[in-house]
Amino acid sequence: MKKTKFMRGLEHKIKNLKLKKTPRLKDSLITKPIIKIRNFIYSHPDWSVFLFTLFIGILSANYFYHKGLITAYGDASSHLNIARRVVDSLTPGFAQLGNSWLPFIHVSYLPFIWNDFLWYTGLAGTIPTVIYFAIACTFLYKLTAEFWNDRKAGLLAVFVFITIPSVLYFAVVPMFEMPFMMTVILSTYFFYKYIETNKYHFLAIAGFFTGLAGFTWYPGWAMPPVFLLILILKILIEDKKTFSDLIKNFKQSLVEKWDKVEGFGLIYAIPAFSGIVGWLIWNWILWGNPIDFLINEWSAGVGSTTNVLASTSLLELILTMGIAIEKYFIASCHMVGVPLVIYSLIGFIFLIICKQKSTIEKLSVIGLLSFSAIFLFVLIFVTVKYIVIPELDNGWFNVRYALPTALFIAVFSSSLIVLIKNKFKFFGTILLCILIFFGLTNLTQGFLQNDQYPLRYPDALYYIKNRLIECPDLKYCNPNKKNLAAEFLRNNYDGGKILLTIGDLNYLIRESRISFKEIICEANKGEKWNFYDVLKAPWNYTGWIIMHHPSSKNIVHLDYVTLRWGNSTLLFKFYDKVYDDGDIMILRRNNQSLENLSIYLKKGYFEIENITYFENKLQFRLVNYLTVQPKIDILLKCKEIPEAEFPLHIENMTNEDSMVITMPVVQGCKNLNLSVKGRWYEYEKTINITALNLKKLKTN
Amino acid sequence: MNGISFIIEKNLNEWERAKVIDAISSEFKKYEIFMFGRERSKENKSIKFLNIRNPRKRTRHALKLCRYSIICIVRNPKILFSKINAILELLDSNDLIIGEIELEHHNFYTKHLTKQHIGFLLFSKKTLLKKGFLENYPNFKNLKIGYAEIPLREELKIPKIFKPLNAIFSFLVYPHVSEKNEIKISIDRDDYLYIPEIHSAKKTITVENLGFFFVLGILCVALFGGPWYFFGINPLIIFIGLCIFFYLFSLFFKLDLVLNALNYKPMRFSEEEIKRIDDSKLPTYTILIPLYREAEVLKQIVSAVQNLDWPKNKLDVKFLLEEDDSETINAIKKMRLPKYFEIIILPNTYPKTKPKALNVGLTKVRGKYLVLYDAEDIPERDQLKKAYLAFKKIPEKYACVQAKLNYYNKDQNILTKLFTAEYSTWFDLYLPGLMARNYPIPLGGTSNHFKVDVIKKLGGWDPYNVTEDCDLGMRIYRRGYDTGIIESTTWEEANSKLYGWIRQRSRWIKGYIQTTFVHLRHPIRSLRELGFKKFFGFLFFVGATPIIPVLNLVFWILTILWFTTKWLAIKALFPPPIFYPGLFSLVVGNFIFVYLSLLGCVEREFYNLVKWSLLSPLYWILMGIASIKAFIQLMKLPHFWEKTAHGFHLIEKKETGLLRKIKILKLAGLAKTGILKLAKAYNRLDRYLERKIAKLRKRFKK
């Protein structure tokens, strides 16, 4: 009887069995659990990978937690605080998720963020991130194992992935890199399963995870078009042998299969685009503009980028494209390591030339894993300074954005196993050994090279080493002072509402451990607690004010409090400056504030701002506070020429009303006396013209 | 003894299991068959049964009995057979044990078996060696096939808490007076009601219903009044909260059904299996076709029946016609049909409903099996044989198999497109899901294949219930029988006229309400008879169906009102713990339901309908309107049968060429006159305004 392939395989196994005759493990207290674990690993490889990587994630979290690096990035604090504000705020609710970042990670922190300890240590974000890491590893294993039909390939991919120190760091940091990678690998896996099995429910699941990626990070928005394109190709090529057949009969097959393309396209596209559409609707409902997230002050990199598309020269465009490619490549090398990039390139070439897999299967993996790279490349191309690297820009900024390359580097590196299985056994084994060696050295060097800091490549090192935060002008600011401010608050805060602009001061609230129920920030837009109402007259509401010093160079985002009150003297009638380090100012309402308030409420208060002088004209802004002034008399006197007076009368100035006033000055005058008389309040100011900046006056 | 133990995959249903056993026993005829689990299969009487539920114990026992064991998780026996044969050949010369201990490993198994991997063998051997089974049982000679079945059902144990309820509301539990008489299929009664009146919708609300509502009312008072009295919570808020959680629950319930349906395959039979049937051994099959003023589609149904693959001498086709429908009667007589067609003229008595007609037909049935088709139906050619095969394969307790229904005029207009999308979701996703999860299946209106003896035992249809199919479906389960689904489709005509659609849908919803009332007359008894799971399934799939469209309407109106008026009273009804789940229901829930209808179309391979499914929310609005109509009609005309008109697709077909052009021209003419009228009206308005403005100017000048 002719033996089948299966029988031959079986016989081979049996022979091996007899030869090996491994001694049977006796049942004992020690061997029992070992046997159980071994059996479990064999029978549940996916769960084994999940549990193992979860364990690695926990170890990593433990390491970084004790080093105090979990919230080293400024953004990590922001993410934690956004989640925290949903449950702990003067105006709690999902509207607190805002529109600066996509909301998936913040929502996933909610089950833990309510706990104070988990919040201020950052573990509330670490717990879900570690789980995402384990899921990403598991599906990385499943994808590669099923793609190459070999478990070893899957294990190699996971090995490569977890020996990248940056990956281990981002496996514990509450940032969106790891959840994004998880959604990418899940989408890719299920899309590949659809390609392999033709079952539409895999496509629906892939669509769901693509939608989730769209809710995680903006590069996720590039996924649906890439997937759709591959999906259409897949449907069109179904009964064709090669791509050339498809190209020859493209029009005909498109007409024939249009219904199917449409049906499957919708099945995939509807959940896949839900992330994008959902976000636009969210912006529309809450901010009245569907693209508010693009134009608001928080939109990523807007302040620090230049638009190359505006440049007209073709040569310039090509050069910029070259720079973009170079930047992305170098950034990937920084995040992942040069050897791995080279290995993945070898694996990629092998994947391209190997004949085991159909073109569409290859495309489904290559296209889907590399789309984020394409997106980032385009982003770098459009906004040149999106990623800043020392080699080209003499600094570090957002190199971490190149981290998703780790995924396809892991997938492509795993193809070496198949290389060994096929023709190039010797060559492949050597490559594999070198890869394992590099992986291990990468890991050990990453953790041992710097005795204090564990990372070799990412910009996190730079942040961590110097405890720096991101600044748009690439001058790095020292946040240690801010930690002093947090410490001051921790020791001295004794209750009362605090007014601040949360944008740059997220870390301060988290580190000072003050409940968000005491904070009034720009995220509070309720009827009772509205930031902009409070900002008008903070003394009525808040006991404390935290703001940047007006001369601080560390204001990355807009500080509304500084902008409004930074140069005002009125605020200091009610508040005492209790802390000032040149960057952060902390004000506390003084004991006389009530007394002062009652005085000024009766009398009113004037402030003169923006005094400028140009061509014998003096211009200033008069602001009236706290009460209505039915009549105001302004008198400008020249000290040198006493008879040169210039009076002005204004009627009905309400609270917060301001007016730009231009008055003539007699030639030869150097010192002016400006007196403003309200009905109850008088204000006088001496102005030295020579000390003023000469600017062209604005027309009134 | 050498042995092969088959563990059937956990999520196989009974008929699939029966099919697998059948395949195994036919493939390994020379071996004895050993089986674990309770007796289910009628076919294999020679099998010894051992009722061991614990999978680990069961496997050990299987291994004790068999020296050489192959325990495989079986889904598709065909894939396995080649490998098992190969293994068996090797068994003669090699001392090999192949085994699998844990049932949960089946994913691992199926994956590797299909891909021709054999690595699992070694692992299993080691496991078995460790257990030391070899040493204990060395001298078995004969090869046995062990079949381990996983018992799926357990009898419901009613908690003690309910026992006092039995004493207080005994009428909720104990049989009604009308149930004392045995069910007889006879023509004693004018209304042809064979079942006890308490199981009929003759009276919409009975004392039993009132008793149940009373209990429900007390519970509601406690639920709404308690928080209001103690915490001052507005009862409306609690009501809205309950509605939202009910909606969410039904969302997850249906999602669960669909997820289960994806892995479930209705009974499929290959062409070979159908060809293998010996026509001479086939029993007589009765086809009941109730007709009322449907002469237009008569030719279609006759040719569809003639086209059926069943020996014509064993067909018993009965047209059930009303006495006053002379048009159809004459049309049939003119057709000079073969002998196996029979005309039954129904007596002119109340109620004039389809189930009454069927009950009349039931008295004259000659066949062993029975199927009912509507006038506009076109069943697939091999449907009868598939149903016959299904009855042969599945256990005895299956009383009915339901063929899938779908529409042949799906592309007629938007309504038919949406209707088809809904039907596809219903029959291709929800019903298989119900089957997979072992919930009771409400039968579809036609293409229900019955065992005649069983349907007679059940007492036929309820002539007063306007969805007699749904009611019968529930009674089947209450009497301990089951329903299966076969992979065969009957093509029907979708209602293409809006008003007709609303009439039909309101009848269905009215019938669902009637059925719910009927089966809640003895709720505790229903619970006992169906079991908790099925009772729950009945409540959610039949009881909730009329409520959800109405709730949809109410909440959408509230949402629109909020966005347009920002009325604070609406805001007060939605505090955050209710607002967020409500928002989730509105956005995610509706999205999922729309998406499910898309999946239904893809499952049915109606790809061109996928985009139309996106308009499902509009369809739901119509459902809401139909539901309201149903509730109103239930009070006014509970037994009124709103007849669905058929044959529009045939009329549409005639409207080709010139006719269509004339229609377009007419429409264009109407549009033209409309535009002219609008222009005239505009001119008048313009002149009027000019005059007014002139007057005003004069006044200002003065």
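**Exercise 1.** How many of the eleven residues of helix α14 (residues 383-393) of chain B are buried?

*Solution.* Before starting, note that this is a predicted model, in which local features need pLDDT of at least 70, side-chain atom pairs count only at pLDDT 80 or more, and totals for chains, interfaces and linings use all residues. Residues are numbered from 1 along each chain as its sequence is written, chains are lettered from A and ligands numbered from 1 in the order in which they are written, and side-chain values use heavy atoms, with hydrogens and water left out.

Step 1: Helices (H or I, at least four residues) and strands (E, at least two) are DSSP runs, numbered from the N terminus. Buried means under 20% relative accessible area, exposed over 50%, and partly exposed in between (1.4 Å probe, protein chains only).

Step 2: count. Nine of the eleven residues are buried, which leaves α14(B) mostly covered. Among them are B:Leu384, B:Tyr388, B:Leu389 and B:Phe391, and also B:Lys385 and B:Lys386.

**Exercise 2.** Describe the surroundings of A:Ser414.

*Solution.* Step 1: locate the residue. A:Ser414 sits in the loop between α21 (405-413) and α22 (415-421) of chain A.

Step 1: check its cover. A:Ser414 counts as buried because its relative accessibility is 0%.

Step 2: list its contacts (heavy atoms within 4.5 Å). Leaving out residues up to four places away in sequence, A:Ser414 touches A:Thr144, A:Trp148, A:Ala153, A:Leu156 and A:Ala157.

**Exercise 3.** At what angle do helices α17 (residues 314-336) and α18 (residues 338-353) of chain A pack?

*Solution.* Step 1: read the geometry. The angle is about 115°, and the axes are 7 Å apart. Here axes are lines fitted to C-alpha atoms, for helices over the stretch in contact, and angles run from 0 to 180 degrees between N-to-C directions.

Step 1: classify. Angles under 35 degrees count as roughly parallel, over 145 as roughly antiparallel, 65 to 115 as roughly perpendicular and the rest as oblique. α17(A) and α18(A) are therefore roughly perpendicular to each other.

Step 2: find the residues in contact. A:Phe329, A:Ser332, A:Cys333 and A:Val336 of α17(A) meet A:Val338, A:Leu340 and A:Val341 of α18(A).

**Exercise 4.** Compare the cover of the two partners in two salt bridges, A:Asp116 with A:Arg84 and B:Glu342 with B:Lys318.

*Solution.* Step 1: define the pairing. A salt bridge is a side-chain nitrogen of Lys or Arg within 4 Å of a carboxyl oxygen of Asp or Glu.

Step 1: take the chain A pair, with N to O at 2.6 Å. A:Asp116 belongs to helix α6 (residues 116-121) and A:Arg84 to helix α4 (residues 74-87), 32 residues apart. A:Asp116 is partly exposed at 42%, whereas A:Arg84 is buried at 5%.

Step 2: turn to chain B, where the closest N and O atoms of B:Glu342 and B:Lys318 are 2.9 Å apart. The pair joins strand β8 to strand β7 (residues 315-322), across 24 residues. B:Glu342 is partly exposed at 29%, while B:Lys318 is buried at 0%.
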